[in-house]
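Please view the sequence and structure below before reading the points.

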Amino acid sequence: ALMKAPLLIGCDIRNMDSDTFEILSNKEVIAVNQDALGVQGKKIKKNEDDTEVWAGPLMGNQTAVILWNRSSQLANITVQWTDLGLPANAPVRVRDLWQHADLSGLQTGYLSATVEPHAVRMYTFAR
């Protein structure tokens with residue numbers, strides 16, 4: 001979704017399980033893909049433990065952020081505001097797109113999350 005590529009389904013939709021359907025029909029993730037600004041995200045940080053942080057701008061002074069665990073082990077991934085080009089002390093409203101929930105209060109400085117092996121956590125940041 002962050003790459004703004006066409007969204008294609010590569011499975012037989014007649015036999016799709018509920019988890020796959022939930023992933024493919026997540027309206028918040030689709031909104032990132034369809035954002036009118038149309039700017040692709042990019043890798044902004046690659047860590048030695050095979051984790052990455054990707055980010056891209058969205059309309060309305062927002063940023064989409066992905067914490068990607070490419071390893072086969074559970075990983076804690078941190079993104080610093082300065083990695084995103086934000087002032088370290090900027091208050092940011094963070095929304096978890098998979099949980100469909102805002103993190104409580106305004107976040108400042110960094111965001112850390114535990115990410116399952118071969119999985120991602122996806123957020124929008126609003127300033």
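**Backbone and core notes**

K4 is buried, at a relative accessible area of 18%. The model is a predicted one.

Positive phi

- Most residues other than glycine have a negative phi.
- K4, which is not a glycine, has a positive phi near 65°.
- This residue, K4, sits in the segment before α1 (18–24).
- K4 counts as buried because its relative accessible area of 18% is under the 20% cut-off.
- D50 is not a glycine either, and its phi is positive, at about 65°.
- The loop between β1 (42–46) and β2 holds D50.
- D50 is partly exposed, with a relative accessible area of 30%.

Nonpolar cores

- In soluble globular proteins, nonpolar side chains tend to be buried together.
- The largest nonpolar core has 18 residues, and those touching the most other members are V65, L67, V79, W81 and F125.
- Two or more residues of this core come from each of β2 (51–58), β3 (62–69), β4 (75–80), β5 (91–96), β8 (110–115) and β9 (119–126).
- Another core, of 9 residues, lies apart from the largest one, and its members include L2, V29, W54 and L58.

Contacts of L67

- Which residues is L67 in contact with, leaving aside its neighbours within four places in sequence?
- They are E52, V53, I77, V79, A113, V115, A119, V120, R121 and Y123.
- Both L67 and its contact V79 are among the core residues that touch the most other members.

Notes: Residues are numbered from 1 along each chain as its sequence is written. This is a predicted model: local features need pLDDT of at least 70, side-chain atom pairs count only at pLDDT 80 or more; totals for chains, interfaces and linings use all residues. Side-chain values use heavy atoms; hydrogens and water are left out. A nonpolar core is a set of buried Ala, Val, Leu, Ile, Met, Phe, Trp, Tyr and Cys residues joined through side-chain atoms within 4.5 Å. Buried means under 20% relative accessible area, exposed over 50%, partly exposed in between (1.4 Å probe, protein chains only). Helices (H or I, at least four residues) and strands (E, at least two) are DSSP runs, numbered from the N terminus. Contact means heavy atoms within 4.5 Å.
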